[in-house]
Amino acid sequence: MVSLAILTLYAIRQYALALNRLRPGRRRYSASQENAIELSGYYMPRLTVIVPMHNEERVAADILRALTECDYDPDRLQVIAANDRSSDRTAAIIDRFAARHPFILPFHRTSGKPGKPGVLNDATPLITGEILLLFDADYIPGRNLLKLLAAPFADPAVGAVMGRVVPQNTGESLLSSLLCLERAAGYQVVQESRAMMGFSAQFGGTVGGVRMEALEAAGGWNIDTLTEDTDLTCRLILKGWKVAYVNRAECYEEVPASWSVRSVQLSRWVVGHTDCFHRFALPILRDRRLPLAERIDLFFLLSGYLTAPLLLLSWIASFLLFFIEPGPLAPGLGAGAAFIGCQMFGNQATFIEMGLAAHMDRARRQAMLIPLSLLSFFASTTSICAALLRYYRSRWFGGPADAWARTQRSRPVAP
Amino acid sequence: MNILVLLFMTGVALLFLAQFAAAWRSTRKLQGKLDTGIDTGYIRMEDFFGVRLRALAGADQVVTGNWACAPGLASWGERHVRGSVNAGDGATLDSLAVDGSLTLGRSVTVLGWLDSHGAVQVGEGSRVAGRLTSAASVTLGPRCRLKTVFAPLVSTPPDNHTPAPAVTARALLSLESSADDWHALSLDWARVVRTGAATIAYQGDFRPTAPVELLMKLVVHGHLYLPAGSLAKGDIRASGSLTLGARCEMAGNATAGGDLTVGANGIFHQTLHAGRDLELGNGVQSGPAGVSPVNTWTAACAGRRLRVGAGVGVRGKLTAGEMIETG
């Protein structure tokens, strides 16, 4: 019953976000959102773009080419192509682009702690821009994207900005199609709805940026976390900065096409995110400068992955209750109520968000896939529970902790 | 078993199977496809409609010389005019791309957009429902209503208002200012929080009692008022309303969650953004070309309404969620 109550609270949050997004005629965007659209190209601060790369020969040329074609003033742009101990042709690709474009600065890292936070930390002294934008190597920014991401920083309260991630390899596999739906729900509905309510967005560490002044004030990058983006989001909010979200700042990414790659990616997110929950949930709840609704929402956001074991427990409890005496009617009803409760309030809210996102994106074909997202849902629940088990075993009993693992790319190697 | 129950269960099972069958069919159709929903080559252009029409206009849409629309007449459809355009009083137009100059008489109604390579004169009481862009200049008459205007110079005719007297003495407020400096301006030092190397947050309303020169970025969680003659060198923001007195100068950006008012003869060099209404008082100018260290163009953007006084000159864009109104 306790888990059912908690899941119901989560479901209420998801329904509230979906309904808020759906509300007809709703035009109340935050100032930073409007800034991004109307003022893009009118506020152009000095930008530094960092692209961390580790064995990215499949995708390195695509993102560097896309950045050279952006319509941002090259005199106000610096691109740091950060090669993190690559053993393939990544270094050669970076050097080739740097030789042709003076604003691309090659940074070849040969030592230090592996992983994106370590790369960002080591590249920080090279940054000349007042705003730092980040892209993972598999992303393909559009020509107008840098202007859209820079504009919200005209508001001095904005410490970081987040754009929308759109999977490009939709039809590569069933999983990539389902992940496309999940991403759409996460950005088109959840992030946008939170921004419309005036809440800070979740900085995702890519297709986004941070004001260098805010980064320094928050204490720089945390190299001991698996999700440096969530970690930074929490520290920025606690320091009094806002994180803006720009739904129109869309950028293509490559999502995992196989379940094994997805499991590794998800495990990293689960461990990093849950670790942030333990470190920041209470300080955020106690921070009276933030509106109460935003504090509660952030608490739910940080504890999101903990619903997976609750769901699993509910399913097991429902199953056991069905066979427990006395009488066939009472446990059957209890089990049914618990199961239906979990399905209706726990899962269905997420599926409604997917449907709403597909409707808003006019992706009718993808909307038809929603029933199959049960597959992804069950697989994700299992991966999340396994990752949480490893995390808490390491936290409480001192076993080995999950290490940073790069997401494998499936794009063919560029010639 | 009751036949009705059996039929019902069969129906439910078929529906259940049908949705999975449809999902599986969609999966097969999506296989191998790349998402092409984002136009990665898109670049935002203020004069997009004009550029598009000039490129795509058919022979029946092109006027080779000058074109005049008689008073009270209505003209429908998009036109590309290779000369200049003169629309008489009370005329109704659709959308025009003009290579020369464009003059709208009194109370002209434009249902679409206007783009001109030359100077644009908008007569008193005219309305433009869409965008108005010019590569040269736009002069807006009194009581005009528009949605978005962009030009190297957007101006309204001056009136006979008396400029406010210039202020020379300002109290300095910076990151290094002491509690006494803040108290001297009737500001509460206890409400000051330093959020970064160049930014200060102020909890509550910020109302200094004398003109100030702000040398830092300022975020006010409340209303912000700068007395006449003040100068803000960094970006400023108010979660509530932001009011700049007469002859204030904004070197950075100004953002307000609520209304934003720029007093008479104020100067701004970058962007103004109001979550609700924005008012540019008489004689407000965006700084002279080349002065701004960051941008070529300036912009004033209102979430709801933008009111423009007499004698205003803005290099760049004016835009409003609902309507721009000239005084």
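## The second largest cavity

In this predicted model, the second largest cavity is lined by residues of both chains: P156(A), A157(A), G240(A) and W241(A), together with T195(B), T199(B), I200(B), A201(B), V219(B) and H221(B). Two elements of chain B, β17 (199-203) and β19 (217-221), are those that give two or more residues to this lining. The largest contribution is that of β17(B), with 3 residues.

The lining holds 6 nonpolar and 4 polar residues, and no charged ones. The volume of this cavity is about 60 Å³. Searching the whole structure gives 4 cavities of 30 Å³ or more.

## Extent of the interface

Contact between the chains involves 48 residues of chain A and 52 residues of chain B. The size of an interface is often expressed as the accessible area lost when the parts come together. Here the buried area is about 4,100 Å², with carbon and sulfur atoms giving 58% of it.

## Polar and charged pairs

Across the interface of chain A and chain B, 10 residue pairs are in polar contact, both residues being at pLDDT 80 or more. There are also 4 salt bridges across this interface. E38(A) and R44(B) form a salt bridge through their side chains, at 3.6 Å from N to O.

On the side of chain A that touches chain B, at least two residues each come from α2 (31-38), β6 (158-167), α7 (174-196), α8 (212-217), β8 (242-253) and α14 (364-367). The most come from α2(A), which gives 5 residues. By class, this side of chain A has 24 nonpolar, 10 polar and 14 charged residues.

Technical notes: Residues are numbered from 1 along each chain as its sequence is written. Chains are lettered from A and ligands numbered from 1 in the order in which they are written. This is a predicted model: local features need pLDDT of at least 70, side-chain atom pairs count only at pLDDT 80 or more; totals for chains, interfaces and linings use all residues. Side-chain values use heavy atoms; hydrogens and water are left out. On a 1 Å grid over the protein atoms alone, a cavity is a set of points where a 1.4 Å probe fits but cannot get out, and a pocket is an open set with protein on both sides within 12 Å along at least five of seven lines; lining residues have an atom within 4 Å of a point. Grid points are joined across faces, edges and corners, and a volume is the space filled by probe spheres set on the points. Helices (H or I, at least four residues) and strands (E, at least two) are DSSP runs, numbered from the N terminus. Ala, Val, Leu, Ile, Met, Phe, Trp, Tyr, Cys and Pro count as nonpolar, Asp, Glu, Lys and Arg as charged, and the others, Gly among them, as polar. Contact means heavy atoms within 4.5 Å. Buried area is the accessible area (1.4 Å probe) that two parts lose on being put together, summed over both. A polar contact is a pair of N or O atoms within 3.5 Å; within protein, one must be able to donate a hydrogen and the other to accept it, and residues adjacent in sequence count only if both atoms are side-chain atoms.
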